[in-house]
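This report is meant for a reader who is meeting the structure for the first time.

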Amino acid sequence: MIAYLTLILGCQLAGEVSVTLLGLPVPGPVLGMVLLFVILLIRGGIPEGLGQTADGLLRAMSLLFVPAGTGIMMHFTLLGQALLPLGAALIVSTLATIAVTAGMMRLLAKEAGDA
Amino acid sequence: MRDLQQIWVYLNALPLFHLTLTLVAFQAATWVFEKSGRKPLLNPVLIAVAVIVAVLLGTGTEYATYFEGAQFVHFLLGPATVSLAIPLYRQWHRVRASALAIAVSLLSGSVVAALSAVGVAWVMGASPALIASIAPKSVTAPVAMAISEQLGGLPSLTAALVIATGIIGAILGPILLNLMGITDWKARGLALGTASHGIGTARALQVNEVAGAFSGLAMGLNALATAILLPVLWVLLFGG
């Protein structure tokens with residue numbers, strides 16, 4: 001468990017350092033995800049303990065957004081002043097994005113041959 | 001009474017207190033969500049945030065004080081994002097089988113996410129700084145904040161709009177996808193991740209691993225696509 005947590009943190013650290021050094025337009029953890037993915041591809045499988053550690057973290061993922069979400073309290077004044085344009089833009093745009101992405105994927109992806 | 005006051009001052013200064021508050025609020029929110037038969041409107045992140053904000057406002061506590069405790073939970077977002085490599089690896093055969101469809105759908109979604117947010121905010125009379133702040137709202141927070149700054153927006157407001165987008169997508173996304181009759185977990189996951197980043201991904205992972213893997217993939221790819229495309233679109237729209 002500790003070994004796999006170390007591997008995950010190591011990938012994140014390598015991601016953060018690479019992003020800073022190379023000025024890449026992605027966050028460090030996203031590059032860390034790519035790095036861990038490449039390690040898995042090379043290794044050709046997921047060690048059991050790594051799967052358990054990752055699944056544990058991912059099960060709690062909703063919780064992890066709560067502290068950042070609470071930060072919305074610092075913007076109540078600004079949000080209150082522009083509630084209508086911002087609220088409408090958020091709802092319309094989020095729905096449009098979901099509809100277009102899923103609709104396009106349904107159009108292009110073939111169900112056939114997929115287990 | 002004075003003793004109570006002293007205990008409160010002591011508790012409020014402990015990181016443990018706000019860390020525990022975060023976990024208790026989320027546990028309670030999850031309980032309500034499950035008890036309701038998983039009604040999307042009772043999203044656990046939304047309820048937990050509402051409860052914590054009410055407690056902080058009610059007790060006159062600053063967000064910075066709260067975050068000293070809550071940062072231990074917040075820190076795990078990084079490792080959790082790295083961990084998305086595992087569902088992605090498990091579903092890699094599906095991703096490879098529809099690589100072209102994924103690329104086209106994702107790019108379409110990415111452009112629609114930015115243009116529709118900018119368009120609606122502009123039509124409804126939002127200021128240029130607000131339009132720049134909302135443009136990258138579908139992208140995961142660290143990238144969104146950097147793009148917002150580049151376009152002349154307010155990065156900290158963008159962070160709040162990103163979280164709101166995540167919660168809106170997690171609540172309304174599954175309802176819209178059901179209305180559209182989209183049952184393919186690949187399409188559902190890709191759409192949630194593109195529109196509402198990590199919060200959509202967290203929601204997708206709870207329901208189905210294929211959806212979770214495609215959502216995590218979409219979140220990462222959309223961050224990259226938006227970081228490259230949005231500044232170009234911005235110059236085309238507003239002439240820099």
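**The contact between the chains**

The structure is a predicted model, and the description begins with the contact between its two chains, to which chain A gives 64 residues and chain B gives 92 residues. On the side of chain A that touches chain B, the elements that give two or more residues are α1 (2–22), α2 (28–43), α3 (48–59), α4 (61–64), α5 (66–70), α6 (76–81) and α7 (83–108) of chain A. The largest share of that side, 23 residues, comes from α7(A). When the residues of the side of chain A that touches chain B are sorted by class, 48 are nonpolar, 13 are polar and three are charged.

**A helix pair across the contact**

How do α7(A) and α11(B) cross? Their axes come within 9 Å and cross at roughly 50°, which makes α7(A) oblique to α11(B), and the crossing of α7(A) and α11(B) is right-handed. From α7(A), the residues that take part are L86(A), L90(A), I91(A), T94(A), L95(A), I98(A), A99(A) and A102(A), and in α11(B) they meet L161(B), A164(B), T165(B), I168(B), G169(B), L172(B), G173(B), L176(B) and L177(B). By class, this contact of α7(A) with α11(B) holds 13 nonpolar and four polar residues, with no charged residues.

**A helix pair within chain B**

Helix α11 of chain B, residues 155–179, also packs against helix α10 of chain B, residues 141–151, at an angle of about 140° and with the axes 8 Å apart. That angle makes α10(B) oblique to α11(B), and α10(B) passes α11(B) in a right-handed crossing. The contact is made by A141(B), A144(B), M145(B), S148(B) and E149(B) on the side of α10(B), and by P155(B), T158(B), A159(B) and V162(B) on the side of α11(B). Sorted by class, the contact of α10(B) with α11(B) has six nonpolar residues, two polar residues and one charged residue.

**The domains of chain B**

The domain assignment of chain B gives domain 1 (2–75) and domain 2 (97–238), and the centres of domain 1 and domain 2 of chain B, taken over C-alpha atoms, are separated by 27 Å. Five residues of domain 1 of chain B are in contact with six residues of domain 2 of chain B; on the domain 1 side, four of the residues are nonpolar, one is polar and none is charged.

**Spans annotated in the record**

For chain A, an unreviewed UniProt entry places the feature "transmembrane region" at residues 24–44, 56–76 and 82–109. For chain B, the UniProt annotation "transmembrane region", likewise from an unreviewed entry, covers residues 12–33, 45–66, 101–123, 159–182 and 213–238. The table gives computed values for some of these spans.

| Span | Helix | Strand | Distance between end C-alpha atoms |
|---|---|---|---|
| Residues 56–76 of chain A | 67% helix | 0% strand | 34 Å |
| Residues 82–109 of chain A | 93% helix | 0% strand | 40 Å |
| Residues 45–66 of chain B | 82% helix | 0% strand | 17 Å |
| Residues 159–182 of chain B | 88% helix | 0% strand | 30 Å |

Technical notes
Residues numbered from 1 in each chain as written. Chains lettered and ligands numbered in written order. Predicted model: local features only at pLDDT ≥ 70, side-chain atom pairs only at ≥ 80, totals over all residues. Contact = placed C-beta atoms within 7 Å. Helix = DSSP H or I, 4+ residues; strand = E, 2+ residues; numbered from the N terminus. Nonpolar A, V, L, I, M, F, W, Y, C, P; charged D, E, K, R; others polar. Axes fitted to C-alpha atoms, helices over the stretch in contact; angles between N-to-C directions. Parallel < 35°, antiparallel > 145°, perpendicular 65-115°, else oblique. Left-handed = near helix turned anticlockwise from the far one by under 90°. Domains from an automatic or database assignment. UniProt positions renumbered as here; feature names shortened; annotations may be inferred.
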